[in-house]
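Open your viewer and keep the selection tool ready. We will go from stop to stop, and at each one you select a few residues and look.

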Amino acid sequence: MADTSPTHRSVGVHISRGEITMTGTNSRTFDRRSVLRAGTGLPLGVLLASCASGGGSQTSDADDGEATGPVDPDNPFGVSAESAVEAVIFNGGYNVDYVEFAAEVMAEGFPDVTVDIAPATHLAQEMQPRFVAGDPPDLIQNSGANSIGMIQILDQLADLDDIVDAPNLEGETIRDTLYEGTLDSGVYDDRLLAINYVVTVYGLWYSKTLFDEHGWQPPVTWDDLAELGRLAQEEDLYLFCWGQESATYYQTLVIDSAIKEGGDEVRLPLENLEDGCWSHPAVQGVMTALKEIIDAGGFLPGGTGTHFTAAQAQWSQEQQALLYPAGSWIENEMREHTVDGFEMTGTPTPSLTADGAYPAAGIHSTPEVPLLVPADGANVAGGKELIRTMLSQEAAANFAAEKLAPTVVAGTVPEDGFGSTALASQTRMIEAAGSDVYTWSFVQRYGLNQEHLPIWNSFLDGRSTVAQLTEDLQTITDRVREDDAVEKIPVT
């Protein structure tokens, strides 16, 4: 695990980075400009279908809306020369070096501006006193288990529409360079208050090498999954494996598949904690299909007593199981524990039937890693300029190459995924899905994962029935719904 101890890093604008170096099992070095060319050489893919006018505001939000420096296409927010920008960045799985890279790119256009980057691991504890004191930083990357509750600070955040209506460093309107729908997750009360930077794609992950060797095809329906399980047993392999802490990855699989089958008839009752939401026929159908695979011996035994990274290594390193359900972080998480030649590849979550609400290419994809600009920051214009730089083709391509995950900026991952088969497959899934993308967040929103884990461990271990699983999950849902102390967020 990377060191997450908080330290401050100042990036002067005179600094420039000459190359991008990837670490890990597939270590390689990229020239900054070659990475940019690799990204921009591709079509933009699926673009945001918004008809908002380009150009954006011509004044900065700093100092009550008065520009603090000259406003022009190269400085759309009026960043003042010789000013300082303070950015507080969650130091989690993506670390903070991608923001340092953006600060160095920003330095090329603002040679007298200094960017101070402060890694943080407990944002709520560190930032809330500063919001109360009216002294927040200019940019916050608000992620992690200890992130700031957005509801608590909505009225203290700057609108970010002027960022996406501004030109990027390559001269295109930023809004038109983003994957479709990725701004929606940052809209609160009809105001764009957060720009989520990274696209997380959920699905099933497998070794293309192993599948090609046996002539297997990625499953499209649960019938395909069951057949693949039978084929795996003929080779003394298992279809799935799991670890104690990641048993709810299969809950995500079930919910994703049920929504793919039933659409909003499934999604909205779950999101809104409705009575009977776990009894919808699509949910029950997927649970039943999963139970049949469990009963048929499709799961590698012992998951309840196995740490989740060890279980994932049973799949990626020992290749005892064919498939693993996860988000697109899985390659980066297992890069030191993946057998050579694995060719990790993602495929969309299977549908219950071939006639569901979403087509086979439909995916659960969620923009994450929110970027916020406090309205009372000392340099609002500078905070916005740093985000504008992060949304450039160059900075986004650097993130994808370093972190093996796509940003919301389309067209920044080359066809070969910088040599990563998993990253290349993520980009293909996003582009193939088009507008057929869905998401949900009730488990995270209400903090239910810890309660759900033992229930799912019992189910995957064969010690529980579909009826018992349904009852247990509904009991938790009903308790939260009826608890007046828990603020509810209606989802439409």
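Select D461 first. This is a predicted model, and D461 counts as partly exposed in it, at 32% relative accessibility. The side chains of D461 and R463 meet in a salt bridge, 3.2 Å from N to O. Is R463 buried or exposed? R463 counts as exposed, because its relative accessibility is 55% and the cut-off for exposed is over 50%.

Next, select E86, R130 and D135 together. Salt bridges that share partners join these three residues into one network. How many salt bridges does the whole structure hold? The count is 16.

**Next stop: D159 and R191**

Select D159 and R191. Their side chains form a salt bridge, with 2.8 Å from N to O. Where do the two partners lie? D159 sits in the loop between helix 4 (150-153) and helix 5 (161-164), while R191 belongs to strand 8 (residues 191-192). The two are 32 residues apart in sequence, so the pair ties together separate parts of the chain. D159 is partly exposed, at 34% relative accessibility. R191 is partly exposed too, with a relative accessible area of 29%.

**Next stop: helix 9**

Select residues 264-271, which make up helix 9. Show the side chains of D264 and R267. They meet in a salt bridge of 2.9 Å, N to O. Both residues lie in this helix, three residues apart, and that is about one turn of the helix. Now compare the two ends of the bridge. D264 counts as partly exposed, at 39% relative accessibility. R267 counts as buried, because its relative accessibility is 13% and buried means under 20%.

**Last stop: Q474**

Select residues 466-482 to bring up helix 18, then pick out Q474 within it. Is Q474 buried or exposed? At 9% relative accessibility, Q474 counts as buried. Now show W278. What does the side chain of Q474 reach there? It reaches the backbone nitrogen of W278, at 3.2 Å.

Finish by selecting the residues around Q474. Leaving aside neighbours within four places in sequence, Q474 is in contact with E274, D275, G276, C277, W278 and R481.

Technical notes:
Residues are numbered from 1 along each chain as its sequence is written. This is a predicted model: local features need pLDDT of at least 70, side-chain atom pairs count only at pLDDT 80 or more; totals for chains, interfaces and linings use all residues. Side-chain values use heavy atoms; hydrogens and water are left out. A salt bridge is a side-chain nitrogen of Lys or Arg within 4 Å of a carboxyl oxygen of Asp or Glu. Helices (H or I, at least four residues) and strands (E, at least two) are DSSP runs, numbered from the N terminus. Buried means under 20% relative accessible area, exposed over 50%, partly exposed in between (1.4 Å probe, protein chains only). A polar contact is a pair of N or O atoms within 3.5 Å; within protein, one must be able to donate a hydrogen and the other to accept it, and residues adjacent in sequence count only if both atoms are side-chain atoms. Contact means heavy atoms within 4.5 Å.
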